[in-house]
Amino acid sequence: MEREFYTISVYVDKDENLIGIPCGDSEKYLVGDIDKVILLKKPYGEKEVEKFIDSVFDSCYSKRHNDESEISTIEKYTKKKGFVNATADLTLISLVKTQNSISIMPTFNDSEKGPLCIDDDERVITLPYNAGELYEQINDIIMVYVKANAFYKIVAEIENEKDGNAN
């Protein structure tokens, strides 16, 4: 391991496909997402997810962050203008790998700011991890945050409809 840390963004769409974006050096931000997207489509199992996460980490620093671009990698991938719009239908899981551990941070999607880290639910796995351990944490976050976000979006839509009908 050459660097102090590696950071990746893993977005989960409504179909539970995983969209991985590695980091690279940046003059502007020190570290930022690079213009590379690695996709893992569902169905997948424990081995595929852990291999996917490893490959996204392995792609870190393979190129530099594009400091000249005003458009983020996820905006380019989703073809939606603005980071908040590009991430509105996705759930972000932020992962940071150090020499000794992997930190896994789920996010909540704020409609005005985009993904916000949920510090209280950070999960840390000691390296080397046991087979299935990383998958278990990622899968748990998907079950809690992706499924819960979908449920709360439906509830909010129903409430908005009720409010609209009342007026």
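This is a predicted model: local features need pLDDT of at least 70, side-chain atom pairs count only at pLDDT 80 or more; totals for chains, interfaces and linings use all residues.
Local features were taken at pLDDT of at least 70 and side-chain atom pairs at pLDDT 80 or more, whereas totals for chains, interfaces and linings use all residues. Residues are numbered from 1 along each chain as its sequence is written, and side-chain values use heavy atoms, with hydrogens and water left out.

With a salt bridge defined as a side-chain nitrogen of Lys or Arg within 4 Å of a carboxyl oxygen of Asp or Glu, the count is eight. One of these joins R3 to D25, with an N to O distance of 3.0 Å. R3 lies in the segment before β1 (6–12) and D25 in strand β2 (residues 18–26), so the contact ties together parts 22 residues apart in sequence. Strands (E, at least two residues) and helices (H or I, at least four) are DSSP runs numbered from the N terminus. Both R3, at 32% relative accessibility, and D25, at 25%, are partly exposed; this class falls between buried (under 20% relative accessible area) and exposed (over 50%), using a 1.4 Å probe and protein chains only.

A salt bridge is also found between E27 and R64, whose closest N and O atoms are 3.2 Å apart. This pair links distant parts of the chain, 37 residues apart: E27 is in the loop between β2 and β3 (30–33), and R64 in the loop between α1 (46–59) and α2 (73–78). E27 is exposed, at 67%, while R64 is partly exposed, at 45%.

K80 and D89 are paired at 3.1 Å between the closest N and O atoms. D89 has a relative accessible area of 48% and K80 one of 33%. Finally, a network of salt bridges links D121, R123 and D140.
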